[in-house]
Amino acid sequence: MPAIDFQTIVIRLLLATLIGGVIGAEREYRNKSAGFRTMIMIALGSCLFTVFSVAIGWPGNADRIASNIVTGIGFLGAGIIYKSDEGVKGLTTAAAVWFTAALGMGIGSGHYTISFAGCAVGIVILALFTLLERRIDKLHEIRTYVIVCDFNFGQVARFESIIQQHHLRSSISKKERKGDDFTITWQVKGRADDHHKLAEDIMRDASVKDFEFIGR
């Protein structure tokens with residue numbers, strides 16, 4: 001068995017708790033499903049499994065238990081991912097779970113410098129790159145528009161022309177007639193500002209009986 005004294009193990013557990021807490025605090029601040037306590041437990045558990053793996057598997061198979069952390073943490077991450085009307089959600093948090101487990105393994109194996117450097121880079125990506133991501137999303141936002149108007153085949157071409165005038169790209173996903181009502185559903189892509197202007201024009205249109213959009 002490798003010479004890992006009790007004091008060293010305690011230090012590693014405390015460092016894993018610190019790293020998990022830093023990642024978890026950022027996720028908690030953004031109201032994500034895997035928050036402060038969850039990330040601490042993931043980092044702490046990964047650290048413990050790594051320490052036990054070295055102790056139990058030494059000298060010939062020291063990675064026997066630790067190698068299964070990657071597989072096991074994948075099931076936890078998969079439970080965080082879900083599909084909503086706005087698309088697939090939880091991917092970043094699931095990746096953060098996987099990332100935190102890697103940091104916990106690094107601490108458990110004694111690679112402190114690499115683990116803390118990785119934690120710092122991860123925080124920069126999670127916290128600061130969010131601003132860049134929002135900027136990109138504003139340039140390429142996807143919304144679903146549902147317009148209910150009087151039945152008239154010419155309405156399709158008219159609304160498509162209005163959408164194009166706002167510099168947006170669109171495709172019809174559904175057309176439905178119920179009596180005199182004609183419901184048209186579009187998938188529209190483009191800048192957030194152009195979406196806002198289009199929505200205002202549609203709401204002012206006298207021929208529109210009902211209107212809703214799904215998106216950011």
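**A close look at Asp194**

Tutor: Start with the contacts. Beyond its neighbours within four places in sequence, Asp194 is in contact with His166, His167 and Leu168. Keep in mind that this is a predicted model. Asp194 sits in helix α7, which covers residues 192–204. Is Asp194 buried or exposed? Its relative accessible area is 11%. The cut-off for buried is under 20%, so Asp194 counts as buried.

The largest one has 20 residues. Ile23, Met39, Ile42, Val97 and Ile107 touch the most other members. Helices α1, α2, α3, α4 and α5 are the elements that each give two or more residues to this core. In soluble globular proteins, nonpolar side chains tend to be buried together.

Take Ile42 on its own. Leaving out residues up to four places away in sequence, Ile42 touches Ile73, Leu76, Val97, Thr100 and Ala101.

Next, the surface. Val121, Val124, Ile125, Leu128 and Phe129 make a nonpolar patch of about 450 Å². Ile125 belongs to helix α5. Its relative accessibility is 44%, so Ile125 counts as partly exposed.

Last, confidence. The mean pLDDT of the protein chain is 85. Of its residues, 91% reach 70 or more. Confidence is highest in α1, at a mean of 93. Strand β2, residues 87–89, has the lowest mean, at 71. Where pLDDT is low, the predicted coordinates should not be read in detail.

Methods:
Residues numbered from 1 in each chain as written. Predicted model: local features only at pLDDT ≥ 70, side-chain atom pairs only at ≥ 80, totals over all residues. Heavy atoms only, no water. Helix = DSSP H or I, 4+ residues; strand = E, 2+ residues; numbered from the N terminus. Buried < 20%, exposed > 50% of the residue type's maximum accessible area, 1.4 Å probe, protein only. Contact = heavy atoms within 4.5 Å. Core = buried A, V, L, I, M, F, W, Y, C linked by side-chain atoms within 4.5 Å. pLDDT = per-residue confidence, 0-100. Patch = residues over 30% accessible without salt bridge, like charges linked within 9 Å, V, L, I, M, F, W, Y side chains within 5 Å. Areas by Shrake-Rupley, 256 points an atom, 1.4 Å probe, with all protein chains shown as cover. Salt bridge = Lys/Arg side-chain N within 4 Å of Asp/Glu carboxyl O.
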